[in-house]
Amino acid sequence: MAQASELMHACLRLGVRFALDDFGTGYSSLTYLKRLPADLLKIDQSFVRGMLDDPDNLAIIEGVVGLAAAFRRDVIAEGVETVAHGALLLPLGCELAQGYGIARPMPATDLPGWIRDWRPDPAWTVWRDWPMNRDDVAVVFAEVEHRHWLLGINAFLADGDDAGAPPSMRNCHFSRWHENDGLVRHGANPEFSRIVAMHKQVHDLGDELVRLHGAGRRAEARAGLGPLSALRDELIERLRRLVRRP
């Protein structure tokens, strides 16, 4: 470690800068942040690719972004394959990315024209002048956690004999938010109460579909997946409008 640090500092004097690749996996360590003069942390793509429907991956990304800020380093996400990945990374405070969601590999001769013509997706530019706060993070976690939960409901209803019953998720990230920070910030807004009631309705319906499946009424349970998905989508959209209102 001492030799690597000494060599990197010598390179810095020549104008060479460093990034820590695949941060969060393998040999990456907090000691590296303390002793190695790297300007940039690269969040490993295994976490980024799974962040859309895995709240644990999302929590790891939030943690790495927080570490980067604490150590005054920049952070970049690897493996940003879609617009949706970028739309979730931005409210977490990660503004740099690499991956097919930006561009595919191209010949060097095509690069100047691409740089001239490329424009970010509107789902990304909405954050350009937006002051990010904990509300935005709450929306991100609500979106991912409820997508993950709904995938579990789908898997259980498709093959409940082999798949364990999905958790009710009554104590999800959104529940903790609306009982604490959300209540303080938005409790006086009537829409906040409607969103909390809708959140309960979403979970009540999910629990009911699991109950119907267990009672042998499988077709009836599967028929409820569409309304459950639509209700979940409306919940997220209402929450987005609440935290982004003028």
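**Ground rules.** I worked on a predicted model, where local features need pLDDT of at least 70, side-chain atom pairs count only at pLDDT 80 or more, and totals for chains, interfaces and linings use all residues. Residues are numbered from 1 along each chain as its sequence is written, and side-chain values use heavy atoms, with hydrogens and water left out.

**The sheet.** I looked up the strands (DSSP runs of E, at least two residues, numbered from the N terminus; helices are runs of H or I, at least four). Four of them form an open parallel sheet, ordered E1-E2-E3-E4; pairing requires at least two DSSP bridges between two strands. E1 (19–23) and E4 (96–97) are the edges, each with a single partner strand, so one side of each has no neighbour in the sheet. I then checked E3 (residues 74–77), which pairs with E4 over two bridges in the parallel sense. In this pair, Ile76 stands opposite Leu96.

**Cysteines.** I searched the whole structure for disulfides (cysteine sulfur atoms within 2.5 Å) and there are zero. Cys94 is buried at 3% relative accessible area, and Cys172 is buried with 3%. Buried means under 20%, exposed over 50%, and partly exposed in between, with a 1.4 Å probe and protein chains only.

**Thr31.** I found Thr31 in helix H2 (residues 30–35). Thr31 is partly exposed, at 36% relative accessibility. Leaving out residues up to four places away in sequence, Thr31 touches Met1 and Leu36; contact means heavy atoms within 4.5 Å. Met1 is 30 residues away along the chain, and the two C-alpha atoms are separated by 9.3 Å.
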